Amino acid sequence: MTSKSSFGAFVQEKRRAAGMTQRQLASELFVTESAVSKWERGLSYPDISVVSALARAVGVSEGELFNASENRESRIVESQARSYRRWRTAILWTTMVFLGAGLISSLIVNLSVQHIISWAWVVLAAVLILASVTVLPLLVVRHRGWITASSALASTVLLLVTVRALYGGSFLTVSVASLLFVAGLAALIPLARSESLPIRLQPHRLLLATGLGSIWLLGYLLVVVGKVGQITSYLPTIVPLVLIGLAPLWTAVVVWRYLPAARTIRTAVIPVVMAAYTWVAGPLVDAVLSGGGIVVRNADLALWTAPVRERNVSAIVAASFLVLAAVSVTLSFIRRGAMHRVEPSIPENVAR
């Protein structure tokens, strides 16, 4: 605790700021007026059992009372925390009231017009979606993102099921599959950065996320094609096209994670791979769709009619990737040379 004189002056200042006399303060603390006078004159300290009540009476914290000074930063933080809690409570109750009022109004109108609850179920599902992204984040403390996203996804599926039950249609399977596909891809992003995987799997997080995403994509396409009812005729075409489309992604992941080279080299290798992919992807896709062999046509920048036009575009894109790779390598050598130039030389006697 600070000196008696500083403590006494601080208590006197805060007592007067609170609009209290020494007698009123003494009465509130159940001590004598003489005791308060001695504190303020710097003749004695209050008993430890009175400190908490004294701090409350003069409107300061116990720490501020012991230090005989205001902790302004702490007060600002406490004020901001109180403002946030008030704002959060106001937003929470306002949103709940509006959502509840909208739902009740829909029920009343639905019953008044049709004498049954029909389209009001759609409103209920929509209200649940809104509550998932507005009210729920204010109520949940732990795992807020996962719980909010899961609730919004479940509410959206409920909305689709409700619309299907009320009005029919063949959209439900594809719509739900699309939602689950997007949600699954979004869930793979934290997996690629997760630190909770077993130690042996930690170095392969990106590869695992890419593999699961690829399987998820193939499953989604199979569901869509199955809904069309021609899975047996489309399957021999879909799988090769998916593999061709995912090839650059898998190549980039493998090169970036497993190629035993410096980062600058890996950064340069990926554009080279993309250049090769750009040149062969078109003929591969044409071969899958036509069922024939792979035909690689030459580019001719002087001729821009089909099908040479597509090869010209592929050649330009591939050349752009090669230029990008060359620029990356050049910049890495320039950076490395600059680092060697600024390295301090070690005196010969120190090296020995």
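This briefing covers helix packing, aromatic pairs and selected single residues in the structure above. The model is predicted. Helices α12 and α13 pack at an angle of about 170°, and there are two aromatic pairs. F30 and H115 each have a positive phi without being a glycine.

- Helix α4 spans residues 51–58, and its buried residues are V51, L54, A55, A57 and V58.
- These residues lie on the same side of α4, because they cover an arc of only 165° around the axis.
- An α-helix has 3.6 residues a turn, so residues three or four places apart point the same way.
- Packing against the buried residues of α4 are α1 (4–17), α2 (22–29), α3 (33–40) and α5 (62–67).

**Packing of α12 and α13**

- Two packed helices are described by the angle between their axes and the distance between the axes.
- For α12 and helix α13 (residues 263–290), the angle is about 170° and the axes are 8 Å apart.
- The two helices are therefore roughly antiparallel, since angles over 145 degrees count as such.
- On the α12 side the contact includes T237, P240, L241, I244, A247 and W256; on the α13 side, R263, R266, V269, Y277 and L289 are among the residues that take part.
- By type, the residues of this contact divide into 17 nonpolar, four polar and two charged.
- A247, one of the contact residues of α12, sits in a helix that runs over residues 231–258.
- A247 counts as partly exposed because its relative accessibility is 29%, which falls between the limits of 20% for buried and 50% for exposed.
- The C-alpha atoms of A247 and Y277 are 8.2 Å apart in space, while the two residues are 30 apart in sequence.

**Aromatic pairs**

- A pair of aromatic rings is described by the distance of the centres and the angle of the planes.
- The rings of F7 and Y45 have centres 5.6 Å apart and planes at 70°, so this pair is edge-to-face.
- F7 belongs to helix α1 and Y45 to the loop between α3 and α4, so the pair links distant parts of the chain, 38 residues apart.
- F7 is buried, at a relative accessible area of 1%, whereas Y45 is partly exposed, at 32%.
- F181 and Y220 make a stacked pair, with 4.8 Å from centre to centre and 15° between the planes.
- F181 lies in helix α10 (residues 172–193) and Y220 in helix α11 (residues 205–228), so this pair ties together parts that are 39 residues apart in sequence.
- F181 and Y220 are both buried.

**S328 in helix α14**

- S328 is part of helix α14, which covers residues 308–342.
- S328 has a relative accessible area of 16% and is therefore buried, the limit being under 20%.
- With neighbours within four places in sequence left aside, S328 is in contact with T264, T267 and A268.

**Positive phi outside glycine**

- F30 is not a glycine, yet its phi is positive, at about 60°.
- F30 is located in the loop between α2 and α3, and its relative accessibility of 77% makes it exposed.
- H115, also not a glycine, has a positive phi of about 65°.
- H115 is located in the loop between α6 (72–114) and α7 (120–134), and counts as exposed at 64% relative accessibility.

Conventions: Residues numbered from 1 in each chain as written. Predicted model: local features only at pLDDT ≥ 70, side-chain atom pairs only at ≥ 80, totals over all residues. Heavy atoms only, no water. Helix = DSSP H or I, 4+ residues; strand = E, 2+ residues; numbered from the N terminus. Buried < 20%, exposed > 50% of the residue type's maximum accessible area, 1.4 Å probe, protein only. Arc of directions from axis to C-beta. Contact = heavy atoms within 4.5 Å. Axes fitted to C-alpha atoms, helices over the stretch in contact; angles between N-to-C directions. Parallel < 35°, antiparallel > 145°, perpendicular 65-115°, else oblique. Nonpolar A, V, L, I, M, F, W, Y, C, P; charged D, E, K, R; others polar. Phe/Tyr/Trp six-rings, centres within 6.5 Å; stacked < 30°, edge-to-face > 60°.
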